[in-house]
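Here are my notes on the charged side chains, as numbered points. Please read them with the model open.

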Amino acid sequence: MAHVHVIANQKGGVGKTTVTVNLAAVVADTMGRTAEDTPVLGVSTDPQASMLEWATRVGDELPFDFEQCDDDPGMLSRLRAITKYEHIFVDTPGTLENQSILEEVLRQADDVIVPIEPEPLAFQPAARTIQSVIVPSKVPWRVLINNWDPRDGESDLQQTREYLAAKRFPIFNTVIRHYKLHTRAAAEGVTVVQYAKNRVALEARQDFFRLALEVLGSNGGLPKHARTDAVVAAGRS
Ligand SMILES: Nc1ncnc2c1ncn2[C@@H]1O[C@H](COP(=O)(O)OP(=O)(O)OP(=O)(O)O)[C@@H](O)[C@H]1O
Ligand SMILES: [Mg+2]
């Protein structure tokens, strides 16, 4: 049975699609199978289909299989039963309108990643999704701070961590930093694993390696050599 990881926050533009695509790419890449035989499936349940556009631009270089299935409730309700893949990463809509899709996907989920930006206006909408949809689903979840720009200083990050701690929300230790490379990736048709091999690109990739290690757990699902690769990459900056 596949592990189903759902990326959710009904606030728009917080990085759900960015996290889904790059996390799926890093996990698929480090699990090291061929493009024809990947253990990872990426699924978009967002009618806006931005992951579909991105995946289409990447084309044959996409290291995981991909399905757009917002209009396929049959498939959404069978995700857990899929045996062909070891990990399924599911992007979800960034609006309140499609809550039934999110609820259906959560019935299939093993864990939920809730991306938020270190920006006070984003806190309340994220808390709403957590309290009204994710907590009632009883699926384990953690908040992921995404799109923090170190050039803006530590105070936004600190304030975000304090807010999350006051709410007693569980969080990932990994923070996904802001990189122009990530912003441009969808339009350029690349994922983190295709970024050029320069220092900035390695730093940008490193955040997703760290996140993959946390999501999959200390022994979770990655073969031993891939865990070593990921640890090495994470220590590279
Ligand atoms: N860590 C990051 N660094 C740089 N740009 C980022 C980062 N995360 C997200 N972005 C940019 O922010 C914008 C919104 O990200 P994304 O589309 O992933 O959010 P979303 O939550 O999927 O949005 P929606 O709710 O509309 O589906 C995009 O332009 C994306 O490239
Ligand atoms: Mg999206």
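**Charged side chains**

1. Start with a pair inside one helix. E53 and R57 join in a salt bridge, with 3.8 Å from N to O. This is a predicted model, and side-chain atom pairs count only at pLDDT 80 or more. Both residues belong to helix α2 (residues 50–58). They sit 4 residues apart, about one turn of the helix. E53 is partly exposed, at a relative accessible area of 44%. R57 is partly exposed too, with a relative accessible area of 44%.

2. How many salt bridges does the structure hold? The total is 8. The E53–R57 contact is one salt bridge, and two others follow below. As background, side chains of opposite charge can pair when their charged atoms come close.

3. Next, D149 and R151. These two form a salt bridge, and their closest N and O atoms are 2.7 Å apart. Is D149 buried or exposed? D149 counts as buried because its relative accessibility is 12%, and the cut-off for buried is under 20%. R151 is exposed, with a relative accessible area of 68%.

4. Now D207 and R177. Their side chains meet in a salt bridge at 2.9 Å, N to O. The pair links distant parts of the chain, 30 residues apart. D207 comes from helix α8 (residues 199–216), while R177 comes from strand β7 (residues 171–177). D207 is buried, with a relative accessible area of 1%. R177 also counts as buried, at 17% relative accessibility.

5. D111 deserves a separate look. It lies in strand β5 (residues 111–116). D111 is buried, yet it has no salt bridge. Which side chain of opposite charge is nearest to D111? That is R142, 6.5 Å away.

6. What surrounds D111? Setting aside neighbours within four places in sequence, D111 is in contact with V4, H5, V6, V139, P140 and V215.

7. Last, the surface. Where do E36, D37, D60 and E61 gather? They form a patch of negative charge on the surface. E36 is found in the loop between α1 (16–31) and β2 (40–44). E36 is exposed, with a relative accessible area of 69%. Exposed means over 50%, so E36 falls in that class at 69%.

Methods
Residues numbered from 1 in each chain as written. Chains lettered and ligands numbered in written order. Predicted model: local features only at pLDDT ≥ 70, side-chain atom pairs only at ≥ 80, totals over all residues. Heavy atoms only, no water. Patch = residues over 30% accessible without salt bridge, like charges linked within 9 Å, V, L, I, M, F, W, Y side chains within 5 Å. Areas by Shrake-Rupley, 256 points an atom, 1.4 Å probe, with all protein chains shown as cover. Salt bridge = Lys/Arg side-chain N within 4 Å of Asp/Glu carboxyl O. Lys, Arg positive; Asp, Glu negative; His and termini not counted. Charge placed at Lys NZ, Arg CZ, Asp CG, Glu CD. Helix = DSSP H or I, 4+ residues; strand = E, 2+ residues; numbered from the N terminus. Buried < 20%, exposed > 50% of the residue type's maximum accessible area, 1.4 Å probe, protein only. Contact = heavy atoms within 4.5 Å.
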